[in-house]
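Take a moment to look over the sequence and the 3D structure below. We will then walk through some parts of the fold together.

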Amino acid sequence: MTRLLFILLTGCGLIGCGQRAASPTTETAPSTALSAPQVSTSGYIKYWPGTLPIVISVPHDGAIMPPEIPDRTEGVTVRDTYSRALAEAIRAALIKKFGRAPHLIVCEISRKKVDCNRELAVATQGHPKAIQAWQEYHGCIDRAEQSVLAQTPHGLYLDIHSHGHPNKRIEIGYLLKPADLKLTDHELDTDATVRARSSIRQLGRLTPTGFAELVRGQTSLGGLLEARGLAAVPSPKQTLAAGEPYFNGAYDIAAHGSRDKAQLDGIQLEVPVQMRDTTEHRAATALALADALEVYFERHFRMKLTTDPVGR
Ligand SMILES: [Zn+2]
């Protein structure tokens with residue numbers, strides 16, 4: 001309810017992400033450099049608007065430790081190292097490939113103070129300044145999604161994380177549990193309740209392929225990344241072994257994906273260290289993802305990312 005109220009207020013312009021970008025024409029002149037972001041009122045959330053139907057967020061790579069906000073005493077507080085730099089590389093790769101930028105939202109406050117990928121109470125422990133940063137982060141993602149939906153009927157939200165699991169592959173989260181991924185292709189295609197509990201529920205209905213193909217086929221995001229040299233699960237090559245650790249997604253893609261509402265489809269990407277730890281590795285990961293997204297959008301959204309909906 002709190003978040004809903006905030007969204008309504010944001011929509012009315014009473015609370016926003018703060019100052020406008022210095023140059024509103026930046027996106028019309030493709031550049032791989034980061035333009036000036038909008039900065040939230042708290043100062044902890046940055047938002048780079050875009051015109052692609054893609055919204056990217058980074059909740060767990062903040063370093064700011066405001067002394068007035070107490071450290072969180074429950075939940076995970078580990079930092080997702082290099083996830084912001086990877087998201088920036090992805091943004092640059094998308095601009096280079098499509099001539100347009102995705103929306104990018106970054107939380108700069110430490111996860112020790114606020115966890116933007118958790119429910120409000122766990123995320124903030126009730127501290128007003130932590131609540132403010134959390135609301136601003138989600139308000140910016142909502143604004144970005146509304147901006148996408150004002151131009152196109154569909155779009156994709158990507159929540160970027162990093163993991164340290166022994167199996168060094170990208171873990172793609174759709175809110176589907178390991179038990180869901182063990183179902184047969186026929187079950188995935190015909191049991192609509194599986195699709196209904198995923199963060200890509202809308203896309204599951206829209207795609208001309210079956211749901212199994214969308215989740216783990218050759219043209220799934222995992223399949224397209226594997227074909228470009230990035231190991232990923234689920235995909236045609238990678239399955240989950242019994243008991244193997246796997247991040248299937250959390251609050252962000254539940255709140256901003258399509259499981260519960262008609263908004264963008266949401267996917268969580270958990271990236272292993274060797275795909276994010278150096279400038280070269282991040283550029284390679286970002287390029288493969290940009291190439292994969294071109295095919296993914298054409299195949300499943302039936303949308304060409306090179307086509308500018310506003311004709312600029
Ligand atoms: Zn994370």
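Leaving aside its neighbours within four places in sequence, which residues is Tyr246 in contact with? What you see is a predicted model, in which local features need pLDDT of at least 70 and side-chain atom pairs count only at pLDDT 80 or more, while totals for chains, interfaces and linings use all residues. Residues are numbered from 1 along each chain as its sequence is written.

Now back to the question. Tyr246 is in contact with Glu171, Pro178, Val233 and Leu240, where contact means that the C-beta atoms, placed from the backbone, lie within 7 Å. Tyr246 sits in the loop between E7 and helix H11 (251-256); helices (H or I, at least four residues) and strands (E, at least two) are DSSP runs, numbered from the N terminus. Tyr246 counts as buried because it has 20 C-beta neighbours inside 10 Å. The cut-offs are these: a residue is buried with 20 or more other C-beta atoms within 10 Å of its own, exposed with 12 or fewer, and partly exposed in between. The C-alpha atoms of Tyr246 and Glu270 are 9.0 Å apart, although 24 residues separate the two along the chain.

One of those contacts, Val233, is joined to Pro234 by a cis peptide bond, with omega about 0 degrees. Pro234 lies in the loop between E7 and H11.

Next, find the sheet. It is open and has eight strands in the order E1-E2-E4-E3-E5-E8-E6-E7, with mixed pairing; two strands pair if DSSP finds at least two bridges between them. At the edges are E1 (38-39) and E7 (232-233), each of which pairs on one side only. Strand E3 (residues 54-58) runs parallel to strand E4 (residues 103-107), and four bridges pair them. Here Ile56 stands opposite Leu104 in E4. Helix H4 (residues 128-149) packs on the sheet and touches E2 (45-48), E3, E4 and E5 (156-162). The direction of H4 makes about 175 degrees with that of E4.

E6 pairs with E7 in the parallel sense over two bridges, and Ile170 stands opposite Ala232 in E7.

Follow the chain on to Leu175, in the loop between E6 and helix H5 (178-181). Leu175 has a positive phi, near 70 degrees, in a residue other than glycine. Leu175 is buried, since 20 other C-beta atoms lie within 10 Å.

Finally, turn to two helices. Helix H2 (residues 83-98) and helix H12 (residues 279-301) pack with their axes 8 Å apart, at an angle of about 50 degrees. That angle makes H2 oblique to H12: under 35 degrees counts as roughly parallel, over 145 as roughly antiparallel, 65 to 115 as roughly perpendicular and the rest as oblique. Axes are lines fitted to C-alpha atoms, for helices over the stretch in contact, and angles run from 0 to 180 degrees between N-to-C directions. Among the residues making the contact are Ala89 and Ala93 of H2 and Ala286 and Ala290 of H12.

Definitions and conventions:
Two residues are in contact if their C-beta atoms, placed from the backbone, lie within 7 Å.
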